[in-house]
Amino acid sequence: MPSRYSSFLIKLLITTSLISAVPLLCLGVYAFFQSTSTVQAKVNEANVFILQQSQSRLEQILKVIDQVSGRFAETPFVINWVGKRMEIEDFQDIELLVKGLLGVQTYELGVKAAELHSLQNNWYIKDGGFYFGTDAAQASNALTYVYTSRWLPDQDASFAGIKLVKTIPPLAAEPKGYLFVRMSNTELSKLLTGGFSTRETMVLDDKMTIIIHSDPARIGQSVLAEPWAKELQQSGHTQGYVNSTLSGKPYSVIYNQSRYNNWTYVSVIPLEEARKESAAIGWATLTACIVLLLFAALLSYWASKRMYFPVRSLMEFTMRHSKPQNGSSAVKDELQWIGTQVASLHQSKEQLEGQMKIQAGQLVDYFMLKLFQGELYRGEMEEKAERFQLPVWSHYAVLVLQIDTLDQTRYRSSEQDLLLFAINNIAAELIAIPQRIHAMPIGNYQVILVGSDTDNHMELLSEWSALAMSVQSAVDEYLGLKVSIGISRPYNQLFATSGAFLEAKEALQYRIRLGEKAILHLGDLKPKQASRHYYPHHLVSELIQAIALLDKNKAEELLHQFILDVLRVETDSNVYRMSFAMLLTDLIRVLYDMGDTGELLFPDQRNAYEYMFRWKTPQEIEVWFKDHMIQPMMELTLKRHESSGKSISRSVMDLIHAHYDSELTLEQCALRLNYSTHYIRRMFRKEAGMSFSEYLAGYRHDMAKSWLSSTEMKITDIAERLQYTNAQNFIRQFRKLEGMTPGQYREQRRDAIG
């Protein structure tokens with residue numbers, strides 16, 4: 001095998017090695033850090049225990065000294081003699097007091113000095129000797145702590161340690177004297193360190209000031225500047241440990257707060273001790289990891305070879321049976337080569353399955369198309385229905401769906417095929433298999449074959465009506481289209497599907513009477529016996545007259561009434577079309593009589609009668625007659641009237657001149673001239689520049705002035721002849737126009753003539 005086809009083995013070896021090595025390394029690192037932290041925690045716990053032991057040992061000694069000093073200071077002998085003035089003669093009592101102090105000053109407990117002072121009589125015993133007078137420094141310090149009995153740092157510069165002051169008698173308002181006990185810092189530091197040379201142990205008071213330290217120079221210094229002091233104050237615990245850094249070196253600070261005197265015992269220990277143990281653990285962990293890595297590498301090599309064997313066999317097989325590919329990209333590894341071959345095989349399989357599905361679907365569609373059109377023999381139909389595994393039901397029906405109209409929608413007529421395809425998908429989703437045997441568009445119809453085992457006829461109709469309504473509602477919701485659905489009569493044999501298809505289409509024809517968005521059952525619509533043909537001739541005559549008079553509103557009203565009267569009679573759908581064909585014939589005859597047969601042809605060069613077979617609803621019929629017959633006929637009539645518009649205005653004026661002294665109206669003029677009132681009103685205003693009533697009133701006024709000027713007619717007679725209701729109305733109107741009464745006008749005219 002070429003070397004370039006062995007790269008998968010190398011990748012497999014690397015992958016398995018990494019899979020085994022990474023967890024081992026992570027485990028080793030985790031074990032090292034976990035063990036280091038555990039060792040550190042154990043060391044800190046041990047140091048806490050050591051510090052507690054040192055604290056317990058130190059406090060036990062302090063408590064013993066405190067108890068021994070207290071018993072001595074509370075004896076009646078000491079209390080009595082402290083309040084007396086001592087003389088040389090009292091040497092026996094002095095010797096007893098000195099022995100008592102020597103009993104308090106036990107060197108085994110680390111006590112360096114014990115002093116007894118009498119404040120009232122000015123004598124004191126110190127270092128086994130009796131002295132008269134007062135130690136001023138010691139007295140001031142004693143008076144400062146007169147009400148206390150606890151261990152305190154010694155303020156004497158010549159002595160480094162702590163002291164205990166006991167007032168005599170105890171808790172007295174005015175003590176007679178006091179007992180003073182000292183312990184050196186050297187003895188105290190020995191008790192704290194316990195023989196460890198690497199750690200620094202100290203005792204701090206409540207102000208974080210060093211009380212006891214192995215280095216006397218550090219006593220009295222504050223540790224607040226230390227980096228661990230703030231953490232120790234904020235910890236909120238009485239004991240524990242924190243990690244810190246001093247001079248760039250890591251340290252562990254162990255602390256424990258005493259309840260005896262509120263001191264804090266602190267031990268600062270370098271972490272080098274614990275890291276020695278951690279280093280040993282690290283080397284042991286590294287050795288174990290290396291051994292495990294070697295073992296994992298050998299195991300990975302063996303497992304990779306075993307896993308690679310099937311891949312290699314499959315690779316060799318595909319290379320032997322594959323065709324050479326010219327211009328193909330370079331193969332990176334064995335799996336890519338195998339994947340390429342498998343992908344090619346899968347693609348070929350999908351293409352073959354797709355072609356089979358397409359052909360199978362096309363065969364089913366072709367079979368159903370021939371079934372709907374009745375082009376199958378019974379035996380052929382049964383054989384193919386079994387081959388295509390069509391569901392078997394006790395009752396069948398055909399649902400035929402058709403779009404009512406595309407007018408006033410966002411779709412064009414050229415998109416009807418796409419809309420039917422969308423409706424077909426909607427119907428397929430709403431009516432599930434096996435109830436939906438098949439659904440497909442045929443022509444401008446969407447045809448659905450459904451089945452049911454319901455025996456009750458009314459339940460069958462309700463079930464199929466519900467299916468039709470669901471499809472109708474979905475089409476309206478998603479596509480915004482109004483559709484009607486015709487439903488055939490139920491039938492029992494699949495062979496009768498072609499007849500049911502014709503019945504469903506016939507049911508759709510009754511939309512011409514029921515309107516849009518109808519669910520039509522042929523059995524409910526088709527009359528049992530044929531009714532007589534009804535044609536309202538009187539409405540047609542009135543419609544033609546309204547067109548001639550250019551009365552559009554009247555014509556549209558008569559057309560609407562004609563459609564209602566025709567569809568009111570229940571009869572066959574073809575009879576309805578016959579009535580509308582007769583109306584179309586009557587209107588075309590009128591158009592022909594007008595001498596313009598060019599209106600019979602429409603832009604698509606089809607005869608007007610061809611549109612009759614496209615009508616689906618009463619609304620569509622009414623709109624078609626308005627737009628394609630009534631409106632063009634009225635426009636043609638209007639053109640002819642406009643060509644003779646001046647003669648019409650002149651005729652109206654002649655009627656006014658001839659009949660001004662009668663109750664003449666515009667309606668009477670329109671009736672005499674055989675035109676609509678609206679048309680005459682519009683034409684007269686256009687020609688004369690004024691309305692009919694204005695012209696009539698003006699002419700009558702002119703006749704009144706003529707009679708007043710040339711005749712002796714009475715004013716009442718003139719008013720009556722000019723159709724005024726009384727003379728006062730005439731006089732009022734005349735004064736409004738001329739600025740004077742009729743009598744004044746007559747006198748003015750006579751004076752002008754005379």
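Guide: Start with Pro-434, whose place is in the loop between α10 (416-430) and β13 (436-442). The model is predicted: local features need pLDDT of at least 70, side-chain atom pairs count only at pLDDT 80 or more, and totals for chains, interfaces and linings use all residues. Residues are numbered from 1 along each chain as its sequence is written, and side-chain values use heavy atoms, with hydrogens and water left out.

Visitor: Is the peptide bond from Ile-433 to Pro-434 cis or trans?

Guide: The bond from Ile-433 to Pro-434 is cis, with omega near 10°. Another cis peptide bond joins Ile-168 and Pro-169, where omega is about -15°. Pro-169 is in the loop between β5 (161-168) and β6 (177-184).

Visitor: How many helices and strands are in the protein?

Guide: The protein has 26 helices and 16 strands.

Visitor: What is phi of Met-208?

Guide: Phi of Met-208 is near 60°, a positive value in a residue other than glycine. Met-208 lies in the loop between β7 (200-204) and β8 (210-213), and at 5% relative accessibility it counts as buried. Gln-723 also has a positive phi, near 70°. Its place is in the loop between α24 (715-721) and α25 (727-738). With a relative accessible area of 31%, Gln-723 is partly exposed.

Visitor: How is a pair of packed helices described?

Guide: Two packed helices are described by the angle between their axes and the distance between the axes. Axes are lines fitted to C-alpha atoms, for helices over the stretch in contact, and angles run from 0 to 180 degrees between N-to-C directions. The axes of α15 (residues 537-548) and α16 (residues 552-568) come within 8 Å and cross at roughly 160°. The two helices are therefore roughly antiparallel (over 145 degrees; under 35 is roughly parallel, 65 to 115 roughly perpendicular, the rest oblique).

Visitor: Which residues in α15 meet residues in α16?

Guide: Contact means heavy atoms within 4.5 Å. Residues in α15 including Leu-539, Leu-543 and Ile-547 meet residues in α16 including Leu-558, Leu-559 and Phe-562.

Visitor: At what angle do the axes of α23 and α25 cross?

Guide: The axes of α23 (residues 692-710) and α25 cross at roughly 95° and come within 12 Å, and these helices are therefore roughly perpendicular to each other. His-701, Ala-704, Lys-705 and Leu-708 in α23 meet Phe-730, Phe-734, Leu-737 and Glu-738 in α25.

Visitor: Which residues does the UniProt annotation "transmembrane region" cover?

Guide: According to the unreviewed UniProt entry, it covers residues 12-33 and 280-303. UniProt positions are given in the numbering used here, feature names are shortened, and annotations may be inferred rather than shown by experiment. In the model, residues 12-33 are 100% helix and 0% strand, with end C-alpha atoms 32 Å apart. Residues 280-303 are also 100% helix and 0% strand, and their end C-alpha atoms lie 35 Å apart.

Terms used:
Helices (H or I, at least four residues) and strands (E, at least two) are DSSP runs, numbered from the N terminus. Buried means under 20% relative accessible area, exposed over 50%, partly exposed in between (1.4 Å probe, protein chains only).
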